[in-house]
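Please look over the sequence and the model shown here. A short briefing follows, grouped by topic.

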Amino acid sequence: MGLYVLFFASLKIWHVFYQFTLYTRQENEEIMKYLCIADLHLDFWEDDKRNPFEGCEEALEDLDLLIIAGDLSNKPQKRWTRLLTPLVDLVGSGKVKIFPGNHDFYQYRFDAEDRLSEFADAAGAEYVNRKVVELEDTRFICATLWTDMELGPGRTRNIHHIPTRMNDYRAIRHAGAGYRRLWPEETIRTHKNDLDFIAGELAKPFAGRSIVVTHHAPHPDVLNDYKEDLDAAYASDLSAFIKTNKPDAWSFGHCHDARSITVEGCSLENVSLGYPDDVLAPKERFLSLIKDTELRLSPRP
Ligand SMILES: [Fe+2]
């Protein structure tokens with residue numbers, strides 16, 4: 001009888017141990033935390049003598065992936081490596097990915113992306129413009145996007161009017177064309193290339209969720225009103241693209257106060273931080289945007 005009880009007791013102990021091992025493995029391997037954030041504008045925060053990461057260091061240390069979706073800073077040649085290094089130290093080597101927004105080309109060259117990649121690399125971050133990042137069952141399809149310049153009064157008027165109002169077409173230069181100012185035709189062409197890249201990646205089979213991450217916005221309804229018909233510099237109407245290509249979600253920045261909405265079943269989420277004057281509680285903003293892959297807790301619908 002004693003041996004019988006001992007046998008079943010040891011079976012029970014083994015079973016509990018096995019369940020614990022399974023649970024620990026799931027905890028450690030399947031629930032991955034990520035943060036997509038745009039518009040950190042860390043040079044502005046530095047000028048303002050504020051640290052936007054204050055109080056959320058532990059949450060950042062706990063991340064498995066940080067994607068910076070453009071507008072880390074102006075003057076990337078002088079600032080990207082220096083500003084990225086403490087973030088990489090906090091989050092961990094290999095976990096920080098970045099692609100540029102419009103500001104990351106300011107006082108810089110539109111045709112020198114290879115150097116942006118070097119600045120990121122020097123800090124231990126990875127440059128992911130027009131690249132896919134995978135985390136467990138989630139893939140992030142990353143590209144700056146720019147716009148098609150069609151919103152409002154239409155492209156013909158926009159390509160003449162917007163360069164007179166937007167710094168993009170003054171502060172960004174084209175080195176290969178004698179350092180002249182950037183043209184809207186060049187950002188429109190990049191927009192087309194970025195959309196082709198995103199469509200191509202979404203067409204590839206993937207057993208999981210596909211999240212598109214861009215700097216510019218994919219829909220006009222996310223925008224609040226801009227003066228002087230400048231909507232076309234901030235967003236494009238990608239309703240038809242979303243309907244055809246079916247991403248599960250789309251994270252974007254660029255327009256700091258934009259709304260998050262759902263279009264064609266796809267959740268469009270504004271992940272901007274913004275300028276220090278506009279953000280009273282950066283910690284709450286960071287914490288609200290941290291998500292996890294939730295493989296075990298809530299399977300994808
Ligand atoms: Fe921007």
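In what order do the strands of the open sheet of five strands lie? The order is β5-β3-β2-β1-β14, and the pairing is mixed. This is a predicted model: local features need pLDDT of at least 70, side-chain atom pairs count only at pLDDT 80 or more, and totals for chains, interfaces and linings use all residues. Residues are numbered from 1 along each chain as its sequence is written.

**The five-stranded sheet**

- Helices (H or I, at least four residues) and strands (E, at least two) are DSSP runs, numbered from the N terminus.
- Two strands pair if DSSP finds at least two bridges between them.
- β5 (126-127) and β14 (290-292) are the edge strands, each pairing on one side only.
- Strands β2 (residues 65-69) and β3 (residues 96-99) run parallel, joined by four bridges.
- Ile 68 has Ile 98 of β3 as its bridge partner.

**Helices on this sheet**

- Helix α4 (residues 76-91) lies across β2 and β3 and runs at about 145 degrees to β3.
- Helix α10 (residues 282-289) also packs on the sheet, where α10 touches β1 (33-37) and β14.
- The direction of α10 makes about 125 degrees with that of β1.
- Such angles run from 0 to 180 degrees between N-to-C directions, with axes fitted as lines to C-alpha atoms, for helices over the stretch in contact.

**Nonpolar cores**

- A nonpolar core is a set of buried Ala, Val, Leu, Ile, Met, Phe, Trp, Tyr and Cys residues joined through C-beta atoms within 7 Å.
- Buried means 20 or more other C-beta atoms within 10 Å of a residue's own, exposed means 12 or fewer, and partly exposed is in between; C-beta atoms are placed from the backbone.
- The largest core has 65 residues; Ile 98 is among those that touch the most other members.
- Another core, of five residues, lies apart from it and includes Phe 105 and Ile 172.
- Beyond four places in sequence, the contacts of Ile 98 (C-beta atoms, placed from the backbone, within 7 Å) include Ile 68, Leu 84 and Ala 120.

**The three-stranded sheet**

- A second open sheet has the order β4-β8-β9, with mixed pairing.
- β4 (108-109) and β9 (180-181) each have a single partner strand, so one side of each is left without a neighbour in the sheet.
- β8 (residues 172-174) pairs with β9 in the antiparallel sense over two bridges.
- Arg 173 has Arg 181 of β9 as its bridge partner.

**Thr 144**

- Thr 144 is found in the loop between β7 (138-143) and α6 (155-165).
- Thr 144 counts as buried because it has 24 C-beta neighbours inside 10 Å.
- Phe 99 is 45 residues away along the chain, yet the two C-alpha atoms are separated by 6.7 Å.
- Other contacts of Thr 144 include Asp 194, His 215 and His 216.

Definitions and conventions:
Contact = placed C-beta atoms within 7 Å.
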